[in-house]
Amino acid sequence: MPEALTPRAAEALLRPTSTGNTTLRAMLEHLHETGRGANIIGNDAATVTGITLDSRAVQPGDLYIAAPGARFHGSRFAADAAAAGAAAILTDLEGEAASSSLGLPVLLANDVREAIGELSALIYGTDEHCPELFGLTGTNGKTTTSYMIRSVLRALGRETGLVGTIEISAGQTPIPSILTTPEAPQLHGLMARMVELGVTSATMEVSSHSLSYRRVDGLRFAVSGFTNLTQDHLDLHGSMQEYFATKAALFDLERSDRAVITVDDDWGHAMADHATSEVWTLCTTGERDADWMVTNIVANSLGHDFELHGPDNLVLRATTGLPGDFNVSNAALAVLMVLASGVQIQELQEVLEAAEPLTVEVPGRMQIIAHSPAAIVDFAHNPDALARALSSVRSTVPGSKVIVVFGATGERDASKRPIMGAVAAKHADVVIVTDDDPHSEDPAPIREAVAEGARSEIAAHALQTDVHVIHPRAAAIAAAAAMAGENDTILVAGRGHEVFQEVMGVNLELDDRAELRRALVAHGFSPLASSEDSDLPLDEG
């Protein structure tokens, strides 16, 4: 969120400009209808016009949600919410005393988190009026695929919205992106604003965090898609099985009408078996049976032409200008999700041929900064994404080398650190280990864990890879530029579009794209005039 925006101002951007009035009595009746226990202390005819979890973001007339938090119960801030103009409070038994002492009506729920999504939908009217929603989940590829879906929908003449890691937009209106998926009240407010702005279809990245924390509750997806599942976020989920179960919740019939699930591996097959919504399966490797198969992949400049073969001899032909086999997978998933929404196949084929909507720009996703040497910034921040990115950038020029600059995030899954080091050593010629976002963790042990993974891989397989540990990150990027020849490739991975590095609670300005451009100039190379003119996204990471 831009530093100039207060939480209150940012919250206002995530809401419609006008709302109705919803009574506490109506909310109570709704909770009873859905089997949620609740009662009211005070005036049940009181009305609210908005809803928020953040006492700093309260707008006059809001229902303030005083819910249990990681460190404090929200009732601790109920007085602040009341002073800011809250009209009523939603809380549980733990928050009852602090909330009811303020003179505001209080809606008591047995489980506040379970009630938030439903009440947000009721207050903002998204239970009846909402854009057609396309949801993307998986470890890698969500961002690129969501941009592709939006591009195809625009080619079909739809007014579109987007909720994702890089940006939130409602039609042509950009909105500050606060989280990969905002909280449920913000999401429902945003959907209502999209309706107000004439948006008919919206694409959303649905992270495992958003499912765990019930941020997408109360929303119904017309089509949801699954990209893949690889090791990530085990600091939250504990195991791959739990990570899988969290993602799988998106494909329950109560959340999604239809699902398109990539079944290139065992996790995809398990996801398709688990889903209770209507499922289309997609195989992009030709190695497994599926409803839809990617065939006839042919290189076309940087990208590929390919065909999708489905039931009843249906065929779709498509092109993506983005390099990497995995972008064929992303493109195929995007096409099928749009088809699954009810678009006629001939109409879809026509826009795929006329507009090439599967060639899109996504900031920080394999964004090319220079051509000689090839200098690229990508968001790859887990082992699978790093391996795929590195495999995609190797030059065919004899003697050329791949130099990778990356680190691992602090306060996250520590088990993937040596794995990422091993991946880098296997796929690159020069590995420069540096800092990613250490957060509040000492960065030195993080660097050493990554570097040790690289050294172990080199020793185990007698590799010739060089390993360097260089910090701060800007110095590591400069060192990569100093080592590079004009036929080499530099990949700066892990942070992508991000412009701040968090170190001990402080956000330091750091944009890998700007640092790489500066380093190239300092060593006599000529970067492209503007990175915004040269975005070539490969994958989300």
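# Chatting through the model

User: Hi! Which residues are buried in H6?
Analyst: Within helix H6, the buried residues are Lys142, Thr143, Thr144, Thr145, Ser146, Tyr147, Met148, Ile149, Arg150, Ser151, Val152 and Leu153. Please keep in mind that this is a predicted model.

User: Why is H6 largely enclosed by the rest of the structure?
Analyst: Of its 14 residues, 12 are buried, so H6 is largely enclosed by the rest of the structure.

User: And how far does H6 reach from its first C-alpha to its last?
Analyst: H6 covers residues 142-155 and reaches 20 Å between those two C-alphas, close to the 20 Å expected at 1.5 Å a residue.

User: What is H6 followed by?
Analyst: After H6 comes Gly157, with a positive phi near 95°.

User: Let's stay around there. Where is Thr160 found, and is it buried or exposed?
Analyst: Thr160 sits in strand E9, residues 160-163. Its relative accessibility is 3%, and since under 20% means buried, Thr160 counts as buried.

User: What is Thr160 in contact with, leaving aside its neighbours within four places in sequence?
Analyst: With those neighbours left aside, Thr160 is in contact with Arg150, Leu153, Arg154, Ala170, Gly171, Val199 and Ser201. Two of these names came up above: Arg150 and Leu153 are among the buried residues of H6. The side chains of Thr160 and Arg154 are also joined by a polar contact of 3.2 Å.

User: How far apart are Thr160 and Leu197?
Analyst: They are 37 residues apart in sequence, and their C-alphas are 9.9 Å apart in space.

User: New topic: sheets. What is the order of the open sheet of five strands?
Analyst: The order is E2-E7-E6-E5-E4, and the pairing is mixed. The edges are strand E2 (38-41) and strand E4 (50-52); each has a single partner strand, so one side of each is left without a neighbour in the sheet. On average, neighbouring strands of this sheet are turned by 20° against each other, direction ignored.

User: How many bridges join E4 to E5?
Analyst: Three bridges join E4 to E5 (residues 62-66), and the two strands run parallel. At this pairing, Ile51 stands opposite Leu63 in E5.

User: Which helix packs on the sheet, touching E2?
Analyst: That is helix H2 (residues 24-33), which also touches E5, strand E6 (88-91) and strand E7 (106-109). The direction of H2 makes about 160° with that of E2. Helix H5 (residues 112-124) packs on the sheet too, touching E4, E5, E6 and E7, and its direction makes about 155° with that of E4.

User: What about the open sheet of six strands? What order does it have?
Analyst: That sheet runs E19-E20-E24-E21-E22-E23, with mixed pairing. Strand E19 (367-371) and strand E23 (466-469) each have a single partner strand, so one side of each has no neighbour in the sheet. From one strand to the next, the twist averages 15°.

User: Which residue is the bridge partner of Val404 in E24?
Analyst: The partner of Val404 in E24 is Leu491. Strand E21 (residues 402-406) and strand E24 (residues 489-493) run parallel and are joined by four bridges. Helix H14 (residues 383-393) packs on this sheet, touching strand E20 (374-378), E21 and E24, with its direction at about 150° to that of E21. Helix H15 (residues 416-427) lies across E21 and strand E22 (430-433), at about 165° to E21.

User: Nice. Where is a cis peptide bond?
Analyst: One runs from Ser372 to Pro373, with omega near -5°. Pro373 is in the loop between E19 and E20. Another joins His471 and Pro472, with omega about 0°. Pro472 is in the loop between E23 and helix H17 (473-483).

User: Which residue other than glycine has a positive phi?
Analyst: Asn296 is one example, with phi near 50°, and it is found in strand E16 (residues 292-300). Glu356 is another, with phi near 45°. Glu356 lies in the loop between helix H13 (345-355) and E19, and it is partly exposed, with a relative accessible area of 41%.

User: Last one: where does Ser277 lie?
Analyst: Ser277 is in the loop between helix H11 (266-274) and strand E15 (278-283). Ser277 is buried, at 5% relative accessible area. A polar atom of the Ser277 side chain lies 3.0 Å from the backbone oxygen of Phe251.

Notes: Residues are numbered from 1 along each chain as its sequence is written. This is a predicted model: local features need pLDDT of at least 70, side-chain atom pairs count only at pLDDT 80 or more; totals for chains, interfaces and linings use all residues. Side-chain values use heavy atoms; hydrogens and water are left out. Two strands pair if DSSP finds at least two bridges between them. Axes are lines fitted to C-alpha atoms, for helices over the stretch in contact, and angles run from 0 to 180 degrees between N-to-C directions. Contact means heavy atoms within 4.5 Å. Buried means under 20% relative accessible area, exposed over 50%, partly exposed in between (1.4 Å probe, protein chains only). A polar contact is a pair of N or O atoms within 3.5 Å; within protein, one must be able to donate a hydrogen and the other to accept it, and residues adjacent in sequence count only if both atoms are side-chain atoms. The expected span of a helix is 1.5 Å times one less than its number of residues.
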